[in-house]
Amino acid sequence: MSLQTVGSNNATTSQDACYISLLGLAENFRTSQPPNIKKCIQCLQALFTFQPPSKVEARTHLQLGQILMAYTNNTDMARTHLEAAWKLSEPLLNFDDVKFDTASLLAELYLQIDQNSTSKAILRKAIELSLNNVYWHCKLLLQLAQLHANDREYNLASELLAVGAESAEEAGATYLKVLFLLSRAMILMIERKTNDVLALLNSAGAIIDNHINNPHQKEYLKVFFLVLQVCYYLALGQVKTVKPSLKQLQMSIQTIMAPNWPTDEVIFGQNPLEMFVWLPKEQLYVLVYLVTVSHSMMAGYMDKAQKYTEKALTQIEKLKAQDDKCILSVFKVILLEHIVMCRMVMGNRELAIREIAAARDVCLSSGPNGQLLKRHAAQLHCLVGLYAMSTSFFEHAENQFLTCVNETTERDLKLFAKLNLAIIYLRTKRDQDLKQILDAVSTENTHTYSSQALMGGFYYVQGLHAFHKASFHEAKRFLRETLKMANAEDLNRLTSCSLVLLSHVFLSISNSKESMNMVTPAMQLASKIPDIHVQLWGSAILKDLHRMSKDAQHEKEALANHVKYSENLIADQLKCVQSIHHNLIDWLKGPPPPTNATAVAIATINTASSNNVALTAAHSASTQAAALISPIVSQTIQYTNQSPLNAVHTMHQHHNFQQHQTHHQQSYY
């Protein structure tokens with residue numbers, strides 16, 4: 001009897017030694033330079049020949065799935081191993097690390113192969129099984145909320161995040177509770193439930209101030225809170241109101257990026273319920289640049305927007321060289337979308353179309369199944385529409401804006417595209433289409449819309465329409481309303497456009513004194529932005545005013561300025577139609593067309609007629625109200641549509657096979 005026991009123990013010991021040896025070899029092959037993944041996989045597969053116990057078999061299947069997903073494109077084999085790991089581990093008790101790690105990874109794989117419903121189903125099952133493990137329960141809730149948010153099922157995402165906040169509160173995990181509250185606020189912001197957002201932000205802010213004791217975690221939560229607060233104010237068009245929050249945010253990120261600041265691993269690597277962070281500090285740094293760019297653009301500080309964009313893009317490239325995370329591509333696209341609008345305001349349209357093409361390329365090359373392109377196609381159509389409108393290709397611009405309206409569910413973006421469509425109909429004298437779209441915008445937004453910037457833009461378009469009808473009293477009424485809204489929140493471009501149009505109104509009724517009172521500050525603001533379109537328009541008005549007052553010297557100066565702005569726009573127009581990216585104005589369906597040599601040939605052929613197009617555009621800008629050939633109110637493209645809810649980066653790493661097998665420690669993915 002005793003001999004049998006000894007023999008059995010020896011066999012078990014020998015088998016354990018084989019497992020450990022194979023795991024050690026596998027890890028050695030994985031970490032060698034260069035890694036030998038084929039031999040690593042062979043070592044792990046060899047474990048199955050010993051007919052290991054269920055727990056060892058399940059863990060090995062998980063490790064094979066991890067390796068195949070991380071180092072190969074063989075999703076079928078990865079799926080086979082992960083499904084085997086899930087089948088074996090699901091009924092096992094006290095095996096949470098493998099069971100829920102498998103569920104999380106398998107859900108991620110299903111998502112990659114477009115099986116969203118299967119991904120959600122396995123996460124729901126895992127959430128049910130994880131009720132007694134707060135860490136995994138919360139992590140899986142966040143992952144499932146992210147999937148629902150990606151599919152625009154915002155109510156479901158919000159409900160899951162509310163459950164997570166309750167679970168964290170029951171476990172006494174205050175830090176984690178605040179993460180759930182802020183993540184839910186982000187979802188509600190996307191849904192434009194502004195009152196609910198404000199309530200949640202106030203609640204989370206009070207907890208951060210009074211109940212988070214760890215100063216480093218407190219600073220991270222403060223950055224998350226302030227990013228949302230800044231985006232909340234920008235979504236309402238409150239550029240002036242947001243300044244204190246933005247300044248606080250910039251100070252907080254400087255604190256976090258200081259050389260003496262501890263690493264994320266030190267701050268979040270101790271307590272399992274604090275192993276969550278929204279974004280690592282390097283990505284937060286880029287994000288703060290992004291919201292600063294958005295603020296500068298909306299406020300009409302184009303030079304600042306350009307400067308911060310360049311810094312942010314440089315930082316993104318550094319991070320991508322180290323680890324090319326998908327969120328970095330999202331940030332890059334949003335930055336490019338913002339800077340494109342700045343370029344058009346400044347009259348650099350050829351640069352703008354190049355940067356639209358750059359955003360297209362990032363979308364085409366990033367992420368599985370073209371998710372980034374799906375999310376940004378409507379914005380790209382809108383930008384191409386702005387470019388086509390600014391170069392006087394009005395039919396192409398109309399098609400782009402209509403495509404944008406049809407493809408987006410974002411209310412802000414729809415309104416922005418429709419306001420620009422109204423300008424096209426005004427410029428092309430399509431009165432019936434103009435009336436229809438203004439009536440539609442009025443019905444949809446007058447009582448329910450809350451963005452001061454876009455509503456100010458709506459009043460401006462109505463004032464422009466009244467001016468073209470020679471209804472000067474009505475035009476003044478609309479424009480004074482626009483100025484009131486613009487001045488209240490320092491919307492400088494909206495202010496300058498309104499002032500120059502008011503100046504033109506007064507000029508049309510021969511009130512030269514009031515006209516001069518309006519055009520002078522308009523030109524001062526336009527030069528600060530700088531806005532070449534308002535400068536072109538204002539210089540034409542000044543020329544007429546000085547001629548009327550028989551001031552030959554100032555008339556000559558105004559004429560010289562007008563010629564200078566016109567020539568700059570004409571030269572840029574020529575570059576545009578010769579650009580290899582100009583053919584983007586024809587893109588309406590499917591992926592945007594790549595750049596090719598044929599496009600260059602076509603653009604060159606069209607150069608002969610482009611002079612007339614450019615001259616017409618410049619002439620119309622000097623003789624009629626045409627400031628909106630680029631957007632008067634820069635559209636803020638909310639980063640929150642892209643931000644990961646499960647930015648719950650955990651501080652543990654994958655693939656430490658020996659540690660998994662011999663010590664049975666939890667692994668976090």
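**Close-up 1. N94 lies in the loop between helices α4 and α5 (96–112).** In this predicted model, local features need pLDDT of at least 70 and side-chain atom pairs count only at pLDDT 80 or more, while totals for chains, interfaces and linings use all residues. Residues are numbered from 1 along each chain as its sequence is written, and side-chain values use heavy atoms, with hydrogens and water left out. Helices (H or I, at least four residues) and strands (E, at least two) are DSSP runs numbered from the N terminus. Although N94 is not a glycine, its phi is positive, at about 55°. N94 counts as exposed because its relative accessibility is 74%; buried denotes under 20% relative accessible area, exposed over 50%, and partly exposed the range in between (1.4 Å probe, protein chains only).

**Close-up 2. D490 occupies the loop between α23 (472–488) and α24.** This residue, other than glycine, has a positive phi near 55°. With a relative accessibility of 22%, D490 is classed as partly exposed.

**Close-up 3. A84 belongs to helix α4 (residues 75–89).** Its relative accessibility of 23% places A84 in the partly exposed class. A84 and T102 are separated by 18 residues in sequence and, C-alpha to C-alpha, by 9.6 Å in space.

**Close-up 4. A cis peptide bond links Q33 to P34.** The omega angle of this bond is about -5°. P34 is located in the loop between α1 (2–31) and α2 (37–46).

**Close-up 5. Helix α25 comprises residues 512–528.** The 17 residues of α25 reach 24 Å from the first C-alpha to the last, close to the 24 Å expected at 1.5 Å a residue; the expected span is 1.5 Å times one less than the number of residues. Buried in α25 are S515, M518, V519, A522, M523, L525 and A526. Viewed down the axis of α25, these buried residues fall within an arc of 165°, and they therefore line one face of the helix. The arc is that of the directions from the helix axis to the C-beta atoms. The face turned away from the buried side of α25 carries the exposed residues K513, Q524 and K528. The cover over the buried residues of α25 includes α24 (492–508) and α26 (532–548), where contact means heavy atoms within 4.5 Å.

**Close-up 6. The peptide bond from I529 to P530 is cis.** Omega for this bond is near -15°. P530 is found in the loop between α25 and α26.
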